[in-house]
Amino acid sequence: MEKTKILVVDDEARMRKLVGDFLHREGYMVLEASDGMEAMEVFYRERDIGVVILDVMMPRMDGWQTCREIRQTSEVPIIMLTARSEERDELQGFAIGVDEYISKPFSPKILVARVEAILRRSAGGGGEVLDVGGIVIDKAAHQVSIDGTEVVLSYKEFELLTYFAQNQGLALSREKILNHVWNYDYFGDARTIDTHVKKLRNKLGSKGDYIKTVWGMGYKFEVEA
């Protein structure tokens, strides 16, 4: 069985080795890059990368720009490593397509667990297909189509839409959505959800109206009759 490729991008060789050693032990193939420009060279050469682990502060091309470059052609899950935990930085990252955040210093075992969780969830759900109001969600293929036309969603947008569709008619708090979609207790501001919902609504076009705002609480997915 072919090993899943993980691209680790960090300008600190010590950090790349630490993360790489733990991932190697779990059976992953680790690719390394010391900055964003080198990362893009590796990314375009190796088109079957499963997860990108990306540091924010790097020379030549930082993590933000690297994320934007990747998102132009791919929805591969991106885990961002950051020494800062400021709310505006995390919201900016989610807005441009970051899927997970891990603040330095961190436990390599936790990082590996996050990688495993994100790969497990992106692997699909046993071929299940959801059809809700003209939105077809193919969990195994990780694809969404609206009235027969494919819609390109990021990893988190797909997870969010699937969660909404599986809980039609239920009022869901932001905290509940975070705990289910992100699959861990998120300690940042719940406005992360608002950022993703706004982008998801735009991509769904007129069917974005299915996602109703429950003022003071969160959201509800309701297909119009």
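**Figure 1. Contacts of V98 in the predicted model**. Beyond the neighbours within four places in sequence, V98 is in contact with C67, I78, M80, G93 and H196. V98 itself sits in a loop, the one that runs between α4 (87–96) and β5 (100–103). The relative accessible area of V98 is 1%, so this residue counts as buried, the limit being under 20%. S154 is 56 residues away from V98 in sequence, yet the C-alpha atoms of the two are 9.0 Å apart in space.

**Figure 2. The stacked pair of F164 and F221**. The model has 4 aromatic pairs. One of them joins F164 and F221, with 6.4 Å from centre to centre and 10 degrees between the planes; the pair is stacked. F164 belongs to helix α6 (residues 155–166) and F221 to strand β12 (residues 218–221), so the pair ties together parts that lie 57 residues apart in sequence. Both F164 and F221 are buried.

**Figure 3. The edge-to-face pair of Y210 and F221**. The ring centres of Y210 and F221 are 5.8 Å apart and the planes stand at 85 degrees, so this pair is edge-to-face; the angle for that class is over 60 degrees. Y210 lies in the loop between α8 (191–204) and β11 (211–214), while F221 is in strand β12; the two residues are 11 residues apart, and the pair links distant parts of the chain. Y210 has a relative accessible area of 7% and is buried. F221 is also buried, with a relative accessible area of 0%.

**Figure 4. The aromatic cluster around F164, Y210, Y219 and F221**. These residues, F164, Y210, Y219 and F221, form one aromatic cluster.

**Figure 5. R25 over the ring of F22**. R25 lies over the face of F22, and its distance from the ring centre is 4.6 Å.

**Figure 6. Overview of the protein chain in the predicted model**. The secondary structure consists of 8 helices and 12 strands. The chain has 225 residues, of which 52% count as buried. Among contacts with a separation of 6 or more, 58% are between residues 24 or more positions apart. The accessible surface of the chain is about 10700 Å², and carbon and sulfur atoms account for 49% of this area.

Terms used:
Residues are numbered from 1 along each chain as its sequence is written. This is a predicted model: local features need pLDDT of at least 70, side-chain atom pairs count only at pLDDT 80 or more; totals for chains, interfaces and linings use all residues. Side-chain values use heavy atoms; hydrogens and water are left out. Helices (H or I, at least four residues) and strands (E, at least two) are DSSP runs, numbered from the N terminus. Buried means under 20% relative accessible area, exposed over 50%, partly exposed in between (1.4 Å probe, protein chains only). Contact means heavy atoms within 4.5 Å. Rings of Phe, Tyr and Trp (its six-membered ring) pair if their centres lie within 6.5 Å; planes under 30 degrees apart count as stacked, over 60 as edge-to-face and the rest as tilted. A charge sits over a ring if NZ of Lys or CZ of Arg is within 6 Å of the ring centre and within 35 degrees of the ring normal. Accessible areas come from the Shrake-Rupley method with a 1.4 Å probe; for residues, only the protein chains shown count as cover.
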